[in-house]
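Have a look before reading on.

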Amino acid sequence: MAVMASTTNRPRMSAAARRRQLIGLLFVSPWLIGFMLWTIYPLISSLYYSFTRYDLLRPPVFIGLKNYIEIFTSDPNFGQVTYNTLYYVGLSAPLGVASAFLMATLLNTEMRGRSIFRAIFFFPAIVPAVVVAMVWQFLVNIQYGAINATLQSLGLPVIPFIANPAFAKPTIILIHMWAQGNAMVIFLATLQDVPRSLYEAATVDGANAWHKFWNVTIPMCTPVILFNLVMGLIYGFQNFTLPWLLTAGGPNQATEFYAIFLYRNAFAYLRMGKASALAWILFVVVVFFTILLFRTSARWVYYSSGDE
Amino acid sequence: MSVQASTSPSAGAEVGKTSAINIGAILLQLAKYVLLFVLAFTFMLPFIWMATSALKTDSQVYTIPPVWIPIPPQWQNFPDAWRTYNFNLYMFNTVFRYAIPTTIGVTLSSAVVAYGFARISWKGRDVLFFVCLATMMVPFQVTMVPLFITFKNFGLINTYWPLVLPAFFGSPYFIFMLRQFYRTIPVELSDAAYIDGANEFEILWKIILPLAKPALTVVALFQFMNAWNDYLGPLIYLNQEDMKTIALGIEGLRRTIAQVGGVRLAYPYLMAVSTLVTLPILIAFFFAQRTFIEGISLTGIKG
């Protein structure tokens, strides 16, 4: 709408308005140029490459839809990779939000030492991913990791966290839930902004603690729940570093997620064309699920300001 | 659980006469603290394991039950691990060739762009700002392949250009963060300067930026940490030994664990370096906890 308005009004713009227009554009020009260079140009050339066979050594050869056809019909791994990724995103996004929300709710009660607990819950979120992977790999090692060595010494059966395909994805989701500091802080800020008058009004109406939580706290937090779910979804689909370093896609392809599969095609098999096709499929899927989530939000997200 | 069971009867006896509601409230408080302590311990467990393992001898690594307090602690593991594996070089690369240039670039460019989105009204501004936010939805993997090909064609693989150059064009996340902050600065301040004949650049430089120092600190801190923590970027563009970052160095050090015949002190060294790399972040967090937390809250509100 604004774009249309700008074209029709331009002739009638005053000199001052025209100057402001230029200065505004000048200020955002670094981003605008960057947007062309680092987003639009790669998006378009990625689309072009997705219709080619390209191994970096010889020039790209146009092959039409062959990459896409191969991915959807004859690739032996694509089904497993898609399953792994949907499994991970479908569980890690809501469980991550739940974990952050639980921590924030706990911290929002009257308590001693809040800033210490808050620091402890937050810290895992800012530790380098490489360190997270190294430490957890050692911690959950089936023989001499802290957890299993303790279980063994107590004569209990060991837990094959990353040694057994059935446990590998849940382990990665667990680590994800451990590193929810950012979402937790956003929830905590939201919880502290809930007007006291709402709780007081609920008390007058005879609501107990549970009713207040369910009918006041949760509705007031729904915009932030949506925000964190969207973030969890977008980053869940791109999850690379932790599974790559922790399990390298194994055992038995249990953690071969989409981003790992794409990376292999590009940089291990040098199939730039197929990797680009995979990237575009990912892009479309991420946009689709994000829009879907926003569409459903009208039914469950509550905006107090009344701007729908 | 045992804590709860042993203390609750006595606590109940003391207040038993007052009312049943009181006992319920105390039990609830107790349950909350037990949950908090159990959670806090679980959250710290990986770091405790990391730090204590860094102080072990080789044989203590493989002991069952696990050793939690290695005696005597092998302090020399820290300098030995750092020096044996060239981490001085990796650290130099990470800080001076990656973190500092991108921090300067992202902070400067985002500060300027955010001003254009927050404090000047021009046609099409809100549409472009929406586009800017929407680009955060584009997965890294989509632009990764063509950008790699482009940088390769320019002969820039195994240089820091592919990692540093994009930082000078603003980052949507930080632009958003700074825009939110700029909008909290009263318009009257810039209007007064405007009447005094200042232009937009002077207003940004003399009025907005000094007031936005806390937000700019957050941006600089977060970007420095992004670079310090980044793995995928360096993995794609840097594969020469003398170009490696700390993240790549740690991954290289891990390979010693799986090496045939076994490398001496592989696990303690890996944990020692991991501890040393985490330490600056812990210190920064300790001194700037408020900055961290307020910075993140800034992006969440009205997301």
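In which loop of chain B does Pro65(B) lie? Pro65(B) sits in the loop between α3 (58–61) and α4 (77–84) of chain B; helices (H or I, at least four residues) and strands (E, at least two) are DSSP runs, numbered from the N terminus.

Some ground rules. This is a predicted model, where local features need pLDDT of at least 70, side-chain atom pairs count only at pLDDT 80 or more, and totals for chains, interfaces and linings use all residues. Residues are numbered from 1 along each chain as its sequence is written, chains are lettered from A and ligands numbered from 1 in the order in which they are written, and side-chain values use heavy atoms, with hydrogens and water left out.

Most residues other than glycine have a negative phi, and most peptide bonds are trans.

| Cis peptide bond | Omega |
|---|---|
| Gly250(A) to Pro251(A) | near -10° |
| Ile64(B) to Pro65(B) | about -5° |

Pro251(A) is found in the loop between α12 (241–246) and α13 (258–268) of chain A. Then there's Leu56(A), not a glycine, yet with a positive phi of about 75°. Leu56(A) belongs to the loop between β1 (52–53) and β2 (61–62) of chain A.

**The interface**

Chains B and A bury about 8,500 Å² between them, 80% of it on carbon and sulfur atoms; buried area is the accessible area (1.4 Å probe) that two parts lose on being put together, summed over both. On the chain B side, Phe43(B), Lys123(B) and Phe169(B) lose the most area to chain A, together 9% of what that side buries. Helix α2 (residues 20–53) of chain B supplies the largest share of that side, 16 residues.

Contact (heavy atoms within 4.5 Å) brings in 91 residues from chain B and 95 residues from chain A. As for salt bridges (a side-chain nitrogen of Lys or Arg within 4 Å of a carboxyl oxygen of Asp or Glu), the count across this interface is zero.

**The second largest pocket**

A pocket is an open set of points on a 1 Å grid over the protein atoms alone, where a 1.4 Å probe fits, with protein on both sides within 12 Å along at least five of seven lines; lining residues have an atom within 4 Å of a point. Of its 24 lining residues, the closest to its centre are Thr105(A), Asn108(A), Thr109(A), Glu110(A) and Ala209(A). Even so, α2(B) gives the most to the lining, with six residues.
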